[in-house]
Amino acid sequence: MAASAPSKPTACLALADGTVFYGTGFGATGETVAELCFNTAMTGYQEIMTDPSYAGQIVTFTFPHIGNTGVTPEDDETADPVAAGMVVKWDPTLASNWRATEELKDWLTRTGRIAIGGVDTRRLTRAIRQQGAPHVALAHDPEGNFDIEALVAKAREWSGLVGLDLAKDVTCAQSYRWDEMRWAWPDGYAHQENPQHKVVAIDYGAKRNILRCLASAGCDVTVLPATATAEEVLAHNPDGVFLSNGPGDPAATGEYAVPMIQEVLKADLPVFGICLGHQMLALALGGKTVKMNHGHHGANHPVKEHSTGKVEITSMNHGFAVDAQTLPEGVEETHVSLFDGSNCGIRMSGRPVYSVQHHPEASPGPQDSFYLFERFAEAMAERKSA
């Protein structure tokens, strides 16, 4: 019997250096150009794909079993996927989970996101670690017709994330209230009916679970767009101000966010920031940020808190970092990554103004850092009782 002809690749990933990975396409068809990163989390692919911080990025998943729990609207961090595409080792299997309402492949097709399976993700991840996060073009064509030279050229021509303000692309269009709390068995998402603190949250690309954690900590949350002014923030007479996560270059977003934060700091309110919000606060206090080689993306990152010596296992997703050497007098480094020593937290000396690079809302990931939301609530309570 004659051997069957090998199946033709239906997707390819072209790196700017000319390297090409072939595989099986699923999800939407077409092309997309972005920065390529890898994520080491073993769970939470849906939360990762819908995290606004991944705008402008294609995610390589190092864990091979992607898609086997399907998707459910309850796990969306925002309405639709924000990451430009996904790269996986094995083609997704059919969902096997009681919470699933849709297959991963169907969800990606419906929401216009391209994916490629059958890729040697170990080799690809090593390349990213050694050479830095590359610019890539990802294409999916069921007929398997690809213009490789054109795809490589598009990857090389892409401007990249440095200098790119993406917060404006993912922020809310107008302000809104939030009272939904963290998911709990068996009732799911309950609503905060007895809030103790009024919080204004600045949406640079906020994950829903961060807002849920604020509500669970007793906060009445009003979310404002990334471009909100200090006057608009303070007009709500908040007890505290929260600065959310988000995508892109913090220096670019800081052009309009930093002046707002500096004015808010004059009001002597508790301020708490996460991820891009952490970087925004550092810039407002006089620090600087730098682009990382390949960033931190995963749910197993050890972070040490200096004051207690405690090591927290955290979720991370960032390609820029605060340069601790640039922090001015009166601003302390509070947390540090045990992977590479990079900065993971700061605070103002003697004031309830602090931020962290990692994600204490932990979805996906552990819950070692939830105390940071409680610390924020305690700071607002102390200010009101003073």
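Visitor: Which domain does UniProt list for residues 9–139?
Guide: The unreviewed UniProt entry lists "Carbamoyl-phosphate synthase small subunit N-terminal" there.

Visitor: Why does Thr-32 count as buried?
Guide: Buried means under 20% relative accessible area. Thr-32 has 18% relative accessibility, so Thr-32 counts as buried. Thr-32 is found in strand 3, residues 30–39.

Visitor: Which residues is Thr-32 in contact with, leaving aside neighbours within four places in sequence?
Guide: Ile-58, Ala-84, Ile-114, Val-136, Ala-137 and Leu-138. Contact here means heavy atoms within 4.5 Å.

Visitor: What makes a set of residues a nonpolar core?
Guide: The members must be buried residues of listed nonpolar types, such as Ile or Leu, joined through side-chain atoms within 4.5 Å. The largest such core has 33 residues. Ile-202, Tyr-204, Val-233, Ile-261 and Leu-281 have the most contacts inside it.

Visitor: Which elements give two or more residues to this core?
Guide: Among them are strand 11 (197–203), helix 7 (230–234) and helix 8 (250–265). Helix 8 gives the largest share, seven residues. Apart from this core lies another, of 27 residues, including Ala-215 and Met-380.

Visitor: Where does pLDDT stay under 50?
Guide: Over residues 1–5, for which the model has zero contacts beyond four places in sequence. Where pLDDT is low, predicted coordinates should not be read in detail. The chain's mean pLDDT is 96, and 98% of its residues reach 70 or more.

Key: Residues numbered from 1 in each chain as written. Predicted model: local features only at pLDDT ≥ 70, side-chain atom pairs only at ≥ 80, totals over all residues. Heavy atoms only, no water. UniProt positions renumbered as here; feature names shortened; annotations may be inferred. Buried < 20%, exposed > 50% of the residue type's maximum accessible area, 1.4 Å probe, protein only. Helix = DSSP H or I, 4+ residues; strand = E, 2+ residues; numbered from the N terminus. pLDDT = per-residue confidence, 0-100.
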